[in-house]
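This report is written for a reader new to the structure. Please keep the sequence and the three-dimensional view at hand while reading.

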Amino acid sequence: MIDIITNMLSMCIPFSVALLLASTGEMFNQRAGVFNLGCEGVMAMGAFVGMLIPFLAGGGMRVSQWYNVLGFAAAAVLGALFGLFFGVITVTFRAPQGIAGIGLQMFGVGCAGTLFRHFVGGTQSIPGIPDVDIPLLSKIPVIGEIFFSHNAASYLAYIFIPVAWYILFRTPWGLKVRAAGTNPRAADSMGVNVSRTRYESLMVGGALAGLAGAYLSIAQAKMFSDTLISGRGFIAVALVYFGHWNPVKIMGGALLFTFAQTFQTVVQSFGISFPYELAVMLPYVLVIVVLAFTSRNDMSAPTSLGKPFNREIRT
Amino acid sequence: MEHISKRFPGVLASDDISISVGEGEVLALVGENGAGKTTLMNILMGLYQQDEGRILINDEEVHFKGPEDAFKAGLGMVHQTYMLVHNMTVTENIALGYKKAWKGIHLDMKKVRDKVVEVSEHYGLAVNPDAYIWQLSVGEQQKVELVKTLCLGARFLILDEPTSALTPQEVDELIVLLHRMTSELSIIFISHKLQEVKALSNKVTILRHGKVVFSGNTDDYSSEEIAAKMTGHEIILPKNNEKNENGETVLSIKDIVVKSDMDTAALDHLSLDIKAGEIVGLAGVSGNGQRELAEVINGLRKCESGSISFFGNEIQNKNAEDIIRHGMGYIPEERNTEGIVPGFSIKENFILKDSTSAPFAHSSIMNGKAIDENAESLIRKFDVRCPGINTAAGSLSGGNIQKVILAREIERKPKFLVAVYPTRGLDMGAVEFIHQKLLEIRKSGVGILLISEELDEIMDLSDRIAVIYKGSIQRVLDKAEATRENLGILMAGVKL
C-alpha cells in the first residue's frame, strides 16, 4: 500500500510541471490585464518544436542533451513570438481577447498537428531527458522518491516559482505589470507605458507556455501527438483564477490537480470497480467545484482583466 | 496656457482657453459639469494633446508627450477618480512613479518608504505606507494621492474636484491642509463648490461650454456673483412654499423588516405613509437603512415581514417589473451602475423601462423612429449636453447622466417617485434644474420620497420630513417644525 501511495505522489511533481509553467505564464498575462485563452495552442506549438529538434538531430536515437536544451529554447522563442502576435491583435488593435484567444488556440493546435505530419509523419518517440537523483536527498526513503529523483527540467520549473514571485512583487517590472492590469489609467498617469508592459508580459507568458509544451513532449511523454496537450492549456487558465494570480498558490493548484489526476489513474490501474469515465472526470470536476467556491471579492484580482486600454476614451 | 483648443468627436471641449498661475498662487477653475475643466488639465499634464495653442512654464514653451514629461517639469495632478492601484500598498503605488528607486531589476522599496514617511510628516498628511489601497477610506486615499504627487517632486499641484467624494469633516481638514501647502506650492484647483473656492483661492477662472467666460480675483466677488457667472444666470434654488392639500395616502409602509447585505437587520419595523402630491424627505446619516428602504419599495430587496401598500395593492416582494407597472418611478443611488446601462446609447437608456411596449415596440420589433424622436425631444426638454443620442450614456458627465435618468423616470408619468441622493456631486445649475423638476411633478399630484444627506435640499423641498435612525423612523416632522438643529439631534438618535 505504501508503495502505491509513494508511487502516486512521486508522479505529482514531474506531471505538474507543464501546468505549472503554463499557468505561471498565464498569470503574467492576466496580471497585465490580458487573458490568453490561446495558451493551449502555444503549448502545442512549443511541444511540436521542442520534440522536432532532438528528433531531427537523432532520428529518434540518443542525442546530446544540448539538442533537448535547444528544443526548449526554440519552444520559448516561438512561444514569445506567439505572445507578440497576440499582443498585436489584442493590445494594438484591441480585439476582444476571448475570441482572439480561441482563434490562437485553434491555430496553434492545428498548425502543430499539420507540421508534425509533414516533418515527422507518424508517432515517433525520442529519448527525452533522464531523471537526476539528487545526491543524499534522493536516498531518504519515501521522501527521496517523491521529491528528489526527477528530471532536471522539473527542478528548474519549481525553482522558477519563487523567482516569478520575486519578479511580480519585488521588481519595477512586476510593479508595472500589476498596475497595468489593475488600473491602467493610474499606471498611465504615473508614466507607465501600458501597451508596452502588456506586450512584454504577453511575450513572457507565451515563452512560458511554449516551454510548458516542450516539457510535455521532451521530458514527460517523450513524443508528440495531436492530443498531447489535451486541455492542459485551459486548465492552466483556470488555475490562475484558482491561485488568485499568485505564483505560490498557483503551484498549490497545479499540484492538487495533478494529484487528482494521478489518483484516478492509480484507482483505475488497480482495478477498483469504479466507472472509469467518472474517474477521468474527477480532476476537472474538482477544478470547477473549487472555482465555484473561490471567494469572489478577492482584492488581489487584476480588475482591468480583459479590457483594452485607450487613453482618450473614458469608460 | 495660451489659446488651447481640443476637439473630441462631436464636441469642442476646449475653445481658445488661456489661463495663467503665478508662484504661490491658488487658481480656482470653476464651471458646471462638462464645461471642459478636466480636459484642460489633462492637456496640461500631457495626457491629451491639444489641437491648437501652447503651454509656457516660466516663459518657456514646453511640449509634454506624456505625464512623465509633466512630472519632470514639476507638475502633479490629483485626479477626480483616484489614480491608485487598489491591490498594491501605498508605498508600491508611489514606487510606480518614483524612478529614483528603480535600480535595474531591483526596486529599492525602503527608499520609497522613507520618502513617503518624510513627505507625509513634512506636510502633515498622515498615511500608513504599508496599507493596501483597498483598505483605505476615500479621504485617506486622497491623502495618498497628495503624498504621491508630492513625492514625485511636484511644485505645482492640480486638484480635480478634490472634495467631491469627501464627508464634510474631511473637506474641512483638506482645506486646512491645502492652506498650509500654499506657502510652498502653486495650486490649480477645480471645483464647483463655491464655499471652497472662496476659502482657498486667490484667483478664479470660470469656464462654460469650453470657453473662459470670466477671470478675476476671488476676494473681489461674492459667491452669488461667481455662481451667476458660472451658469450664465442667477441661481436661486427653488423652495417648496405651497401647502399640500391633503391628498389620499398612496404609499403606506407598515412594520417592515428588511435585511442588509451583511445579513443584519437594516430596517427594523419601519412604518411610513406618503400622500399624493407631497414630498416626504428622509433625513438621516447614510447607512441607517436608506438604501434598503429604497430597494424594498422598488422590489429589489426581500421584505422579511410587514407590508407595503401602493394604491391599495400589496407590493412587498413583488418583482421590479410589476412594481414599475403599478406606476413607481425610481432614481437610484448609484447612477452609473443602477440608473443607466453605461454601454447603451442615450436613446436606449431612455426606453429601458418601456422597451417592449408601444410606441417603442410593435409585436417584439423595436420602432427605431419612435425611439429616436423620443430621445431628441427629451434631450431638448431636459437640456442633456451630449454629442448625440447615439453616444454611450456612460461617457457623459455625472450631471448629464442624472438628467437622462430624471427624464426617463418623469416622462413615464409615474404615480410615485423614489429619489435617492438625486443631486449628489452635481453643480449648482444641475441641482437647480432637478429641484425644479421635482417640484413640478409634485404639483401634478405625484408623491415623492426624497432620500438625501443634504439637509438644505430636504428642508427646501419637503412637505414633511421623516428622520431615519438605525432602520426605523425616529419621528416625522412637518416642514414648519423642522430646523437644522432638531433634525441634527434626531439624526443622531436622540428622541425628541
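## A parallel strand pair in chain B

In this predicted model, strand 18 of chain B pairs with strand 21 (residues 416–420) of chain B in the parallel sense, over four bridges. Within this pair, Met328(B) has Phe416(B) of strand 21 as its bridge partner. Helix 14 of chain B packs on the sheet and touches strand 18 and strand 21 of chain B. The direction of helix 14 makes about 175° with that of strand 18 of chain B.

## The sheet around the pair

The sheet is open and has six strands of chain B, in the order 18-21-22-15-23-24, with mixed pairing. Strand 18 (328–331) and strand 24 (472–478) of chain B each have a single partner strand, so they stand at the edges and one side of each is left without a neighbour in the sheet. On average, neighbouring strands of this sheet are turned by 20° against each other, direction ignored.

Another helix, helix 17 (residues 484–491) of chain B, lies across strand 15 (279–283), strand 23 (464–469) and strand 24 of chain B. Helix 17 runs at about 30° to strand 23 of chain B.

## Helix 14 and helix 15 of chain B

Helix 14 (residues 398–411) of chain B also meets helix 15 (residues 428–443) of chain B: their axes come within 11 Å and cross at roughly 10°. Because angles under 35 degrees count as roughly parallel, helix 14 of chain B is roughly parallel to helix 15 of chain B.

Helix 14 of chain B contributes Gly399(B), Gln402(B), Leu406(B) and Ile410(B) to the contact, while helix 15 of chain B contributes Ala430(B), Ile434(B), Lys437(B) and Ile441(B). By class, this contact has five nonpolar, two polar and one charged residues.

## Chain A as a whole

Chain A contains twelve helices and two strands. From the N terminus on, its elements follow the order α-α-α-α-β-α-β-α-α-α-α-α-α-α. The C-alpha trace of chain A spans about 60 × 45 × 40 Å along its principal axes. A compact globule of 315 residues would have a radius of gyration near 20 Å, and the 20 Å of chain A agrees with this.

Of the 315 residues of chain A, 47% count as buried. Among contacts in chain A with a separation of 6 or more, 78% are between residues 24 or more positions apart.

## Where the two chains meet

The contact between the chains takes 21 residues from chain A and 25 residues from chain B. On the side of chain A that touches chain B, helix 7 (172–182) and helix 8 (184–189) of chain A are the elements that give two or more residues. Helix 7 of chain A gives the most, with five residues. By class, this side of chain A has eight nonpolar, seven polar and six charged residues.

How values were computed. Residues numbered from 1 in each chain as written. Chains lettered and ligands numbered in written order. Predicted model: local features only at pLDDT ≥ 70, side-chain atom pairs only at ≥ 80, totals over all residues. Axes fitted to C-alpha atoms, helices over the stretch in contact; angles between N-to-C directions. Parallel < 35°, antiparallel > 145°, perpendicular 65-115°, else oblique. Contact = placed C-beta atoms within 7 Å. Nonpolar A, V, L, I, M, F, W, Y, C, P; charged D, E, K, R; others polar. Rg over C-alpha atoms; globule rule 2.2 N^0.38 Å. Buried ≥ 20, exposed ≤ 12 C-beta atoms within 10 Å, placed from the backbone. Pairing = 2+ DSSP bridges.
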